Amino acid sequence: MSPHPAATQAASNAPLGAPRVDPIVLQIVEGTLGSIEAEIEYAIERTARSPMIREAHDYRVGLFDRRCRKLTGRSYSAMPNAVVRDFPPAAMRPGDVYLMNDTYLSEGSIGHLPDLCSTVPVFHEGDVVAFIQAFGHHDDIGGRVPGSMPGTATTVFEEGLAIPPIKLYDAGVRNDAVLTIVKRNTRVPEMLAADLDSEVKACVMGARRLEGLFARFGRETVELCFQAILDKCRDIYRNELIPKIADGAYAWADYVEHDGVSDPRLHKLALTMIKQGNHITLDFTGTDPQSPGPINWPADYAGGAFLIKWIAPILRNLADSPERAAEIHVNDGVCEVFDVVFPPKGTLITPQWPAATNARSFVLLRCLGLLAGVVAQAVGGRMPADQETIRYTGFFGRDAEGTPFLSREVLGGGSGDIMPTATMPSILFRIPAISRRNSPRRASRSWSRGLLCAPIPAAPESGAAGSATTSITARWSIAAPSSPPTACGLAATASMEERREDRSASPSASRARRVISAGSSMESRCSRAKWCGSRRPAAAAGAIRSSASPSLSRATSSRARCRLPPRARSTAWC
């Protein structure tokens with residue numbers, strides 16, 4: 001297979017007098033990086049213990065050069081900037097592993113506390129030459145409620161254990177005191193410890209693979225290839241995507257409806273995009289003050305590098321074809337074509353510690369639609385309609401033997417119209433740069449000591465008419481037996497429906513958005529539910545139903561109600 005033209009161009013764009021990169025070597029290095037990233041991901045998937053990571057794939061991997069620039073683009077990831085800030089690379093040793101999850105001390109890498117992040121430095125001839133990271137959404141890191149995502153939190157102290165960058169392994173020796181503290185602050189200590197071990201060992205394996213690449217080609221050649229990979233991403237944006245946007249200034253606003261704490265109102269996110277030549281400035285001035293509730297997102301660190309890499313994939317919709325868009329992987333090279341202007345401290349995207357952040361997904365995901373909204377004005381509406389955000393649902397309790405269980409599910413809303421491709425998933429999470437999945441029902445019983453899920457059917461008739469591909473309905477039915485009939489005789493049944501409607505209009509159709517804050521509209525009552533002979537949960541009695549209409553033409557909100565037997569000691573939240 002011949003190198004992609006963009007790779008050849010990147011290899012030939014070096015300044016006169018600078019060493020040239022062999023295009024074949026460049027292709028080998030770039031392919032090896034992708035293979036290492038995929039191998040780390042597969043290792044975590046096969047060895048992690050929690051359903052959120054193993055089954056739902058809510059984890060991310062990143063490979064970085066020694067300057068903390070992300071080289072790979074399969075998915076978004078954290079950044080090692082905070083580790084380098086606190087631990088100079090000159091003092092690092094082979095076998096060191098670093099751990100963090102502090103949303104305010106991670107340089108914008110971590111959005112909420114469940115996302116524990118492991119960082120492994122890569123060495124060649126005694127020097128740090130790269131970094132490998134993996135972070136996953138861990139089921140529980142302490143805090144006020146099981147799952148560590150209290151929808152009514154007003155400070156980070158209610159959300160769980162915050163860990164600034166610390167050394168988990170020192171020259172290959174684990175700091176057991178750190179692990180003891182972490183395990184003591186979670187409701188699922190063995191599961192969390194197993195997940196951490198999975199992530200660390202997978203990164204260590206990846207570091208060995210990357211060290212082998214340096215040993216094969218030498219440091220100078222590999223680092224030249226790294227720079228060419230970054231330049232390729234930069235040049236694709238400069239020469240292929242950004243020229244399709246007309247020069248000028250474009251403004252857009254988007255909203256979060258509720259923060260879980262305040263009276264319902266619109267929390268505004270404002271963006272002005274200034275496009276001039278092959279460069280774009282994103283100005284978030286005008287964004288509302290930080291929220292009393294947990295929807296704040298600390299994004300104003302490291303020059304907004306995480307935010308840029310998060311929302312820049314939206315511009316791939318300007319590619320000439322879906323196949324070409326799929327070929328464009330976003331790495332740190334894209335940061336050279338964007339500047340970010342943040343408002344002063346104290347807004348939704350520049351919150352001040354200790355503002356709560358566990359539901360920052362609502363703001364983070366709205367920023368995707370925010371960029372699409374300004375770009376749509378400059379390209380005649382050639383942007384997909386916005387997508388719904390997500391809901392977090394969980395059950396915590398004890399089974400008949402008294403063993404605690406925790407079941408989590410992250411439910412995605414619908415997406416706007418998209419260009420059809422042969423590999424496009426039919427339902428759930430059509431959000432750019434995200435590859436997580438719903439948890440398969442076959443896994444529910446194993447992780448939750450008897451929690452059962454009915455089949456997850458798609459309802460083709462639910463897709464609205466339109467000229468482009470539309471999302472459809474997916475339905476979840478969950479049943480949680482509390483205890484044997486002699487002890488309680490009760491079971492809880494939960495049913496959830498995600499409604500996906502046609503959203504063929506461009507983002508400029510309306511500024512209305514809809515969001516439900518975690519835990520804001522739940523009730524707990526006792527109710528009898530029955531099991532039928534097929535082991536499928538009975539309908540109606542004791543049910544949670546959650547329905548959302550993500551149409552851009554009007555603002556809607558989700559409603560949820562749950563009824564769980566009190567003796568099951570179960571709680572539920574959305």
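The protein contains 11 helices and 17 strands, where helices (H or I, at least four residues) and strands (E, at least two) are DSSP runs numbered from the N terminus. This is a predicted model, in which local features need pLDDT of at least 70, side-chain atom pairs count only at pLDDT 80 or more, and totals for chains, interfaces and linings use all residues. Residues are numbered from 1 along each chain as its sequence is written, and side-chain values use heavy atoms, with hydrogens and water left out.

**The whole chain**

Among contacts (heavy atoms within 4.5 Å) between residues at least 6 apart in sequence, 71% join residues at least 24 apart.

**First stop: the antiparallel sheet**

Select the open sheet of 6 strands, ordered β1-β4-β3-β2-β5-β6 with antiparallel pairing; two strands pair if DSSP finds at least two bridges between them. Its edge strands are β1 (59-65) and β6 (173-174), each pairing on one side only. Helix α6 (residues 189-217) packs on this sheet, where it touches β2 (97-100), β3 (115-124), β4 (127-137) and β5. The direction of α6 makes about 25° with that of β3; axes are lines fitted to C-alpha atoms, for helices over the stretch in contact, and angles run from 0 to 180 degrees between N-to-C directions.

Next, select β4. Of its 11 residues, 10 are buried, so β4 is largely enclosed by the rest of the structure. β4 pairs with β1 in the antiparallel sense over 7 bridges, and Asp-65 stands opposite Ala-130 in β4. β4 also pairs with β3, again antiparallel, over 10 bridges; here Ser-118 stands opposite Ala-134 in β4. Follow β3 into β4 to find a hairpin with 2 residues between the strands, where Glu-125 in the turn has a positive phi of about 50°.

Asp-170 stands opposite Val-173 in β6.

**Second stop: Glu-223**

Select Glu-223, which lies in helix α7 (residues 219-241). Beyond its neighbours within four places in sequence, Glu-223 is in contact with Arg-66 and Phe-214. The C-alpha atoms of Glu-223 and Val-29 are separated by 9.9 Å, although the two residues are 194 residues apart along the chain.

Select the open sheet of 4 strands, β7-β8-β9-β10, whose pairing is mixed. The edge strands here are β7 (248-256) and β10 (338-341), each pairing on one side only. Neighbouring strands of this sheet are turned by 20° against each other on average, direction ignored. Helix α10 (residues 361-378) packs on the sheet and touches β7, β8 and β9; its direction makes about 145° with that of β7.

Within the sheet, strands β8 (residues 267-276) and β9 (residues 279-283) run antiparallel and are joined by 5 bridges. Thr-272 has Asp-283 in β9 as its bridge partner.

**Last stop: a cavity**

On a 1 Å grid over the protein atoms alone, a cavity is a set of points where a 1.4 Å probe fits but cannot get out, and lining residues have an atom within 4 Å of a point. Select Ser-75, Tyr-76, Lys-309, Pro-313 and Val-330, which lie nearest the centre of the second largest cavity, among the 10 residues that line it.

Technical notes. 1 Å grid on protein atoms, 1.4 Å probe; cavity = no way out; pocket = protein on both sides within 12 Å on 5 of 7 lines; lining within 4 Å. Buried < 20%, exposed > 50% of the residue type's maximum accessible area, 1.4 Å probe, protein only.
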